[in-house]
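Reader: Hello! I would like a close look at one part of this protein, please, explained strand by strand.

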Amino acid sequence: MSGNMAEAGRGVPAGTGSTGDEPTVAFARCAVLFEPADPPRAGTVAFWTAEGIPEPLGEPGKLTVLTPDPVDPNGVAVRTVEARRLPVRDALALLVRARRDAGGNAHPAAVFWGAAADEALHLVGRGRLLPGISPAGFDAWRVGPFDESDLERVAALGAAMPATARAIPLPEQDPPRLPDAVPLVRAFLDAVADTLPRRPDTTGAYAADAPQPADELRDWAGEVATVDTGLRLSLRIEADPDDVGTGPLRAVLQVADRNDAASLADARTLWAPGRTPGWPENVRTDISLAVRRAGRVFPPLSRLLDDPVPDMLVLDDDEVTDLLGGAAARLAAAGVTVHWPRELAGELHTTALLGGGRDLPAGTAGLFGEGRLLDFNWQVALGGIPLSAAEMDRLAEAHRPVARLRGRWILVDPETVRRARHRVLPPLSPVAALGAALTGTVDVDGRAVPVGATGWLDELRRRIADADGGTEPLPAPAGLTATLRDYQLRGLRWLTRMTSLGLGACLADDMGLGKTVTLIALHLHRQRDPETAGPTLVVCPASLLGNWEREIRRFAPGVAVRRFHGTGRDLDPADGFTLTTYGTMRLDARRLAGRRWGMVVADEAQHVKNPASDTAKALRTIDTGARVALSGTPVENNLTELWAILDWTTPGLLGPLSAFRERWVRPDGAVDLDRLAGLVGPFLLRRRKTDPGIAPELPAKTETDRPVTLTPEQAGLYEAVVRETLDEIRNSTGMARRGLVLALLTALKQICNHPAQYLGEEQPRLRGRSGKLELLDELLDTILAGGGAALVFTQYVAMARLLERHLTGRGIGTRLLHGGTPVDRREELVARFQAGEVPVFLLSLKAAGTGLNLTRADHVIHYDRWWNPAVEDQATDRAYRIGQTRPVQVHRLIAEGTVEDLIARTIADKRGLADAVLSGGAAALTELTDDELAELVTLRETT
């Protein structure tokens, strides 16, 4: 007898009750048995106990079970008991709940079949379903195909099955014995698989609940089922030990039952009539079907189906070449593994090898100029040791799939031979070669292949991979009247190393960490070497001209500084620093490009994030020995912006834009960040205020979302705009639809701000109409009572003007800065706020989100939300930067139940991607379906 019957008769009186859970608990206390049937979905689950069974569910009946003998403690007895049977469909939920909810009172058999039900649901949920024909000729689904982990779990279930879970004795067995566990588990899994895809109101094979005769589909179902027969096929390649070099290679097909490792046998005899009478007919049929399937991807296998069966499948050179060239992979997909003999195991590996000489050349700053090329060759290694030139020649001369190398025969695939014959590849530019060395791969004929660097290129790769700029001491440059912090000195070392090598760099520190003073120090340091000395051109937004001029005069008082901006601008003399704006640079690019600059700095480099813009094109025309980009947000929306910045600082590093996207962005839109970081990391230095050791003196920053409720007027406007605009959107397509979506989002955000902004009222009544305005008043009353000062950001100039009018009417002093504010006026406004003349500074987000130093403020209020968290962070950093001595409180006003509320929930996720790749912001929302858009903008009730 199989299994331990010691607990088969254990039963607990179930009783019944009125609560919904009591039937589940009662049935959980029963012993449970599964009774297979044909078709599998006709199987039943029987519940029984020695004391009686619960009545609420199931059909009553008799059940023959094997239990401990009441007289002989060591014996067993066959007995008939009262039971209730449920169809598999009805029993599933009961079993799962019995296992999970009944606790320690559940019968072991109920717990087991609950676990089996969980596994069945897991398999079906993953789509593990195969069509089949039952032995009686009915349509039947079954679980499959199984992977190795599936088989392990099924085997573990079988090993854990208690005797009481299979206590139905097998017929005509003396002494009585129990059915084997694993086949019974498989039968139950098949019963669940055959039940769940069907619906009572459907008809036809593989859909209807009722048994459907389908014997005519048996061949088709058998062909499909060959992917999961439980058999493991392998093709063993053999060579004549006495004639490996010239004799033919032979193939032997082997079969193993995945459930019985001892069944390994030579498959070429398994289906021959009369030669293997011990193998069941269905096994021989399964093997024949599997071989026929494999023969479709590797035709020589079809010869094994001939009568008489060949004693040995002899492969000619073309067939072996086919195996090496891709047939082995196709066979693996068809369930046949190819094993090559050890005497032919070659371990030949090919690598694209880059080199440029042993030592780093002198005058490295000019190394990456135009016209320079590096050697690029295929290298083949055996056992990790590169082949010599003579060995490469011998390999190139190979005309068979085997070659003699180092005293042994080696399997050689055709691609390796082709690379040995054409080992010299088109040379690469030094920048492209450096990029390949950093990533460890290079594109050859549209495929990524491993690449290795040698000589000075490998040395250079190691040097620039050190983000700290090395450990060599760097004396403070003469003329600098500032003491650089440790992280600023590391940044200076890094910039000095990169620019001295002729490479560009992007310093992407958080705003407020001192990028400006670091660049001033770099300029001074470069003046020490005649090869790198020269004037520095700084291109920046107009709002930052004054800040650069003040910082240079403060930290490098002996250096000339002039603005190339406005009317009557002049470049003579062009020493020291020349400051210009992106707009002026675009208009006067020819004059600026006529000078040779020692260094060009692009501050807030995200202004040239569109590589097709006239501004970006103009910047590329300016000749210089060193290019440095400064940006707190090198990636605001997508990887194209990162490409645009780094392709300016180090042209050619990332390749053409189209190839860059294809290489790094997967079809699903995800980015291969680990490999991309290996390429761009050495050229982009990113430090945050929160990094250890960066700016420990900065006080704390607290960020708080401030939900507000719409007023009745706002809610009415909101719902009316949603209703009317969604109707228009549903009836539009293409660009017209996208425009309507963006207009809808803008309108809703303006309504959330204040009805007067949306309605465009000239002399509006402001009080009592906006939840945000009321909360702003409360916040400012508290802030000003405590002696604080606040920055209030909005993306709308019209809203800023409304706020200015409202706060002035309340007697609160304000200043307003927006995109139309002249440069000299901006500087005056900043100076007055910093001097304490007014406690509230109103700013438009786009015009004042970067470059300004407003450390007098200890509160930052985002009146409305931007779609990109990085832009909000930039704005917050006007106050939270070096020089700030008080804790900074950030308040984000969010209208509850609106599109603002839903977008705010996604910003937390988006913030985590801001330093890698960000989605398309508001523009991405134009691609939502009508239903998705309605879900986003519909006003929700709040509690």
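In strand β29, which residue is the bridge partner of arginine 815?

Author: The bridge partner of arginine 815 is phenylalanine 841 in β29. Before going on, a word on the ground rules: this is a predicted model, where local features need pLDDT of at least 70 and side-chain atom pairs count only at pLDDT 80 or more, while totals for chains, interfaces and linings use all residues. Residues are numbered from 1 along each chain as its sequence is written, and side-chain values use heavy atoms, with hydrogens and water left out.

Let us start with the sheet around that pair. It is an open sheet of 6 strands in the order β26-β31-β30-β27-β29-β28, with parallel pairing. Strands here are DSSP runs of E with at least two residues, helices are runs of H or I with at least four, and both are numbered from the N terminus; two strands pair if DSSP finds at least two bridges between them. At the edges stand β26 (701-708) and β28 (814-817); each has a single partner strand, so one side of each is left without a neighbour in the sheet. From one strand to the next, the twist averages 20°.

Now back to β29. With β28 it runs parallel, joined by 4 bridges.

How covered is β29? Of its 5 residues, 5 are buried, that is, under 20% relative accessible area with a 1.4 Å probe and protein chains only. Val840, Leu842 and Ser844 lie on one side, Phe841 and Leu843 on the other. In a regular strand the side chains alternate between the two faces of the sheet.

Moving along the sheet, β29 also runs parallel to β27, through 5 bridges, and serine 844 in β29 is the bridge partner of threonine 794. Strand β27 (residues 790-794) pairs in turn with β30 (residues 859-862), parallel over 4 bridges. There valine 792 stands opposite isoleucine 861, and phenylalanine 793 opposite histidine 862.

Notes
Axes fitted to C-alpha atoms, helices over the stretch in contact; angles between N-to-C directions. Buried < 20%, exposed > 50% of the residue type's maximum accessible area, 1.4 Å probe, protein only.
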